Amino acid sequence: MAQDKKAVIVGAGLIGALWSVFLAKRGYTVDVYERRADFRQAGYVGGRSINLALSERGWKAVEIAGIREKIERVAIPMPGRMMHGTDGSLTFQPYGHDGQAIYSVSRGGLNIELVNIADEYPNVSFHFNQACLGIDPENNTARFQDTRTGVEYAIESDLVFGTDGAFSPVRQSLQKLPRFNYSQQYIDYGYKELCIPPNEDGSHRMDTGALHIWPRGNFMLIALPNVDGSFTCTLFLPFDGEESFENLNSDEQVMAFFGKYFPDAIPLMPTLLEDFHGNPTSALHTVRCNPWHYKHKVLLIGDAAHAIVPFFGQGMNCGFEDCTILDTLMDKYEEHWPSIIEEFNANRPEDSNAIADLALLNFIEMRDKVADPKFLLWKKVEKHLSEKFPAEFQSVYSMVSFSHVPYSQALAAVGQQEDLFRRMLKINDLESNWTGPEVERVFREWLSEQGRP
Ligand SMILES: Cc1cc2nc3c(=O)[nH]c(=O)nc-3n(C[C@H](O)[C@H](O)[C@H](O)COP(=O)(O)OP(=O)(O)OC[C@H]3O[C@@H](n4cnc5c(N)ncnc54)[C@H](O)[C@@H]3O)c2cc1C
């Protein structure tokens with residue numbers, strides 16, 4: 001049913017590399033064009049966060065690609081958050097049930113693994129140092145430039161996948177077409193990567209079984225473990241205002257800021273000043289667009305179609321899920337691309353818009369709410385309910401990170417669960433009775449009001 005089983009992929013990042021494996025498995029001849037040099041030799045220059053949280057949706061795609069075991073060996077489980085108070089206190093909050101975790105994985109390591117796997121297929125060819133300049137959808141051509149020689153050329157293809165990231169040149173070409181909807185929204189916060197190096201003996205300086213957070217109301221610092229004993233830290237802070245990047249210029253300002261808000265992190269970060277001044281301050285934005293395709297011949301997936309802010313750790317997971325869903329649709333429609341793309345584009349944007357919204361909401365949770373005792377109490381109730389009534393209750397966090405429930409369903413549950421939270425808070429001395437009969441009564445009442453017995 002497929003036309004001639006040939007495809008061009010623009011961008012060999014996480015999504016493009018994975019997608020090439022999916023297509024290769026089905027016998028497609030795949031040409032992947034990547035602007036960067038081959039990072040297996042040149043070294044991985046990600047430019048963005050060196051480790052990422054991989055969760056259930058991502059694992060499923062990694063499994064289909066056939067590299068689950070390889071990635072498992074280098075993935076560090078983070079079963080919960082470790083909150084760092086300004087007084088140095090630590091509070092651990094599990095993300096889900098016992099045995100559930102999100103995993104810290106190296107972005108570069110994962111990307112290299114995916115390219116290596118794809119490269120083992122004789123029907124996949126990688127073309128590095130080739131920058132896409134745009135596409136001409138009417139003529140089925142994509143234009144490229146060899147970044148070493150400057151030579152420009154065009155490639156003809158009936159099936160082009162734009163996996164070229166948040167600033168996708170493929171998408172930019174579609175943006176020029178009539179009736180293409182597009183928006184990008186920057187948040188007022190930037191981020192800077194910092195580092196907690198290993199101890200001299202190579203061990204980690206903090207507990208590796210957690211994503212560490214220093215929530216400070218309007219801003220936060222987080223840290224994810226790496227296999228080499230280090231942690232990659234990210235400071236999320238407003239660009240402007242009293243406590244902001246614009247006011248952190250001198251060594252004194254940086255040290256005073258960290259001394260006030262993250263005192264326990266200072267002894268762990270011997271290269272703090274060097275990293276702070278040396279690393280860029282990057283911006284964060286959400287991209288929404290529609291349609292994601294042009295005449296069923298060009299399709300955007302991953303960040304090219306839906307870049308989101310990183311606060312739910314779902315950007316890559318969502319892009320990987322794009323691949324899983326397309327794979328299912330390839331079965332359903334026997335590789336008839338117009339039908340596959342039509343259904344994908346009819347449903348998937350609602351879910352990617354939902355995770356975009358959820359990611360923005362989760363920023364408030366991470367930087368602010370996690371330090372609130374009432375919120376921590378709610379998390380205990382939530383855990384209790386999901387363990388006692390697994391068929392009736394799943395927290396929004398679990399739906400997103402530990403399930404394949406459509407993101408739009410998880411977004412719809414936010415308001416309902418907030419309502420339940422408000423009702424629970426009215427229970428007398430909930431702090432001592434969070435597993436008591438009144439909790440169950442309120443829960444059942446809430447359920448039945450939603451028409452669920
Ligand atoms: C700070 C931060 C933290 C994050 N944390 C997480 C997390 O914990 N979990 C998670 O799931 N997601 C996370 N993300 C999101 C995740 O990084 C992205 O969703 C993911 O990288 C998207 O993959 P992609 O392949 O679509 O795009 P990219 O990874 O951006 O890859 C695009 C590829 O296209 C290539 N390219 C670009 N332009 C051209 C061109 N003109 N020609 C040819 N090739 C081109 C690029 O070189 C690159 O290789 C985070 C993002 C940020 C910024």
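Predicted model: local features only at pLDDT ≥ 70, side-chain atom pairs only at ≥ 80, totals over all residues.
Figure 1. E5 (residues 80-84) and E14 (residues 211-215) pair in the parallel sense over three bridges; two strands pair if DSSP finds at least two bridges between them. Strands (E, at least two residues) and helices (H or I, at least four) are DSSP runs numbered from the N terminus. Residues are numbered from 1 along each chain as its sequence is written, local features need pLDDT of at least 70, side-chain atom pairs count only at pLDDT 80 or more, and totals for chains, interfaces and linings use all residues. Side-chain values use heavy atoms, with hydrogens and water left out.

**Figure 2. The hairpin of strands E5 and E6.** E5 pairs with E6 (residues 90-94) in the antiparallel sense over five bridges. Methionine 83 has threonine 91 of E6 as its bridge partner. Five residues lie between the two strands, and glycine 88 takes a positive phi near 90° in this hairpin.

**Figure 3. Burial of strand E5.** Five of the five residues of E5 are buried, that is, under 20% relative accessible area (1.4 Å probe, protein chains only).

**Figure 4. Lining of the second largest pocket.** On a 1 Å grid over the protein atoms alone, a pocket is an open set of points where a 1.4 Å probe fits, with protein on both sides within 12 Å along at least five of seven lines; lining residues have an atom within 4 Å of a point. The lining has 18 residues, and Glu365, Lys369, Phe375, Val414 and Glu418 are the closest to the pocket centre. Helices H11 (337-367), H12 (373-388), H13 (396-401) and H14 (407-425) each supply at least two lining residues.

Technical notes:
Buried < 20%, exposed > 50% of the residue type's maximum accessible area, 1.4 Å probe, protein only.
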